[in-house]
Amino acid sequence: MSAVEADVDRDAPAKKSFQFPGAVTVLAVVMVLVWVAALLIPAGTYQTDADGAPIAGSYERVDSPLTFGERVQQLLLAPVNGVYGVQDLDTGFIDTENLGALFGSIGVVVFILALGAFISVSFATRSLEVAVGQLAARLGDRGWLLIVVVMALFSLLGSTMGFSVETFGFYALLVPLMLALGYDKMVAAGMIILGALIGAMASTVNPFSIGVASDEAGISIGDGIVLRVILWLLLTTLAILYVLRYARRVRRDPSRSLVGLDPADAAPPAGPVITERLTSAQKWVLVITGVTFGLLIFSVIPWSAILGATAGPAEYDQVHETAAEPYWFELGWWFPQLVVLFLVATIAVGLVSRMGEKRLVSLVTQGMGDMMGPAIVIVLARGVAVIMSNTQTLDTVLNAMEQAVSGASAGVFAVLVSVVNAPLAFLIPSSSGHATLAMPLLAPLSDFAGVSRALTITAYQMGHGFMLLVSPTNVVVVGGLAIAGVGYDKYLRFVAPFLGVVAVAVAVVLVLAATVG
């Protein structure tokens, strides 16, 4: 090769390797693909009973309610409807000019904006940074213990009350702590997402999934509780061991991290470390932070529905209500109150740290701006559900599910119920909404298959929860990853082996339960 040719080769621009698109792009592509699929899926409806539940065997094809031009309009308006679309209670159609029930995710969006403000202001005081450094020094090589405790707690909350979007607030605490302990951001994201979602998947007395499904199936929420507790213990143990295995690998060899470690993220070198001491103002900031997050958890738990094991209608996403009469000490808060909680906490942090008005407002604005990416992801995920609802294709998907499980033997029926409910969870991430649509169809079919309705509920919940572990329409996954700064493709690589283990374990348990009866 001549010198001239060598110079040309050196000057030629390097070929860029393929980079997986960000979460916003992924959700935008998913939205378009779902819209295209809705063009090919025929519209159809079920007849409904007095409570609005579909009646098994009553499905019929109908003409599409939308012209092609109106379908294009639905695609363009999907993000807007995903923010503050309102669902007509009679027709089910979602639009911003309707009267009815809020369907959009404006509550979640404003919540994470308020959370962003709190994170920005509290981090500016360096109280969390100093506290994390001290805690990391005390834990030393026992960081694994923190992973076990957090995952077990989140799983318990997920199993009993569907604890999921509430986890957004904990990334600000756990990501820097995991980095200080020598782990990576994937460990923090994995312990939060898998902890909460595995718990929700193995729901025991969760009123927003098991409670609604039991009511639709006409049984007690306590029916099948032994099997559900066994599954919760099994799946939670598997999830904790899986995250611990990855965490140990990364801590021993940072080069094996799926997300990489920035120099600033690396653990401090071994040897004596002089830790900074907390000032009086920083201690007050930590007190405010502890009270805020403690109140966050306590205020959203439906104590009466859990302790009273009440089956009945419930709604998680918008109003967060159950059929049970609340105890006197229940707060019953949801997004409006949680937004106020974090804004008040933000102002309190600014006051105790003696921030000026201009600096406080600047930090609030900056923090909310940092959360716009996750907010857009959440809106697009909700927009996918709007498209499926407005094109009247959900009932057609439900009918395909009904046909798939009809006539199967007991063991096959139990596994099929999980399998066919997984794609439905992609379209309906809400566990209460999913149960309301699916259980009226599955409960009668389980009688013919010789499978108890309690086992059918457990199988449905397994399929629903399994899909939510990876579904890009699940705001807990895509929103959490966006906050943690972890790519969706990297998360898929991380969780893929775990999904295989879970699928096998669940299938074996369901077949054994159906066989034993």
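Select Glu330 to start: this residue touches Ile301, Pro302, Trp303 and Ser304, leaving aside residues up to four places away in sequence. Contact here means heavy atoms within 4.5 Å.

Before moving on, note that the model is predicted: local features need pLDDT of at least 70, side-chain atom pairs count only at pLDDT 80 or more, and totals for chains, interfaces and linings use all residues. Residues are numbered from 1 along each chain as its sequence is written, and side-chain values use heavy atoms, with hydrogens and water left out.

**Stop 1: around Glu330**

Stay on Glu330. It sits in the loop between helix H12 (303-307) and helix H13 (335-352). Helices are DSSP runs of H or I with at least four residues, strands are E runs of at least two, and both are numbered from the N terminus.

Is Glu330 buried or exposed? It is buried, yet it has no salt bridge. Buried means under 20% relative accessible area, exposed means over 50%, and partly exposed lies in between (1.4 Å probe, protein chains only). A salt bridge needs a side-chain nitrogen of Lys or Arg within 4 Å of a carboxyl oxygen of Asp or Glu. Lys and Arg count as positive, Asp and Glu as negative; His and the chain ends are not counted.

Next, pick Tyr327. Its backbone nitrogen lies 3.0 Å from a polar atom of the Glu330 side chain.

**Stop 2: the salt bridges**

How many salt bridges does the rule give? The count is two.

Select Arg251 and Asp141. They form a salt bridge, with the closest N and O atoms 3.1 Å apart. Arg251 lies in helix H10 (residues 225-252) and Asp141 in the loop between helix H5 (127-139) and helix H6 (143-161), so the pair ties together parts that are 110 residues apart in sequence. Arg251 is partly exposed at 33% relative accessibility. Asp141 is exposed, at 61%.

Go on to Asp447 and Arg453. Their side chains meet in a salt bridge of 2.6 Å, N to O. Asp447 is partly exposed at 44%, and Arg453 is partly exposed at 26%.

**Stop 3: a sheet**

Show strands S3, S4 and S5. They make an open sheet in the order S4-S3-S5, with antiparallel pairing. Strands S4 (94-95) and S5 (100-102) stand at the edges with a single partner each, so one side of each has no neighbour in the sheet. Two strands pair if DSSP finds at least two bridges between them. S3 (residues 86-88) and S4 pair over two bridges. Finish on Val86: its bridge partner in S4 is Asp95.

Methods
Polar contact = N/O pair within 3.5 Å; in protein donor to acceptor, adjacent residues only side chain to side chain.
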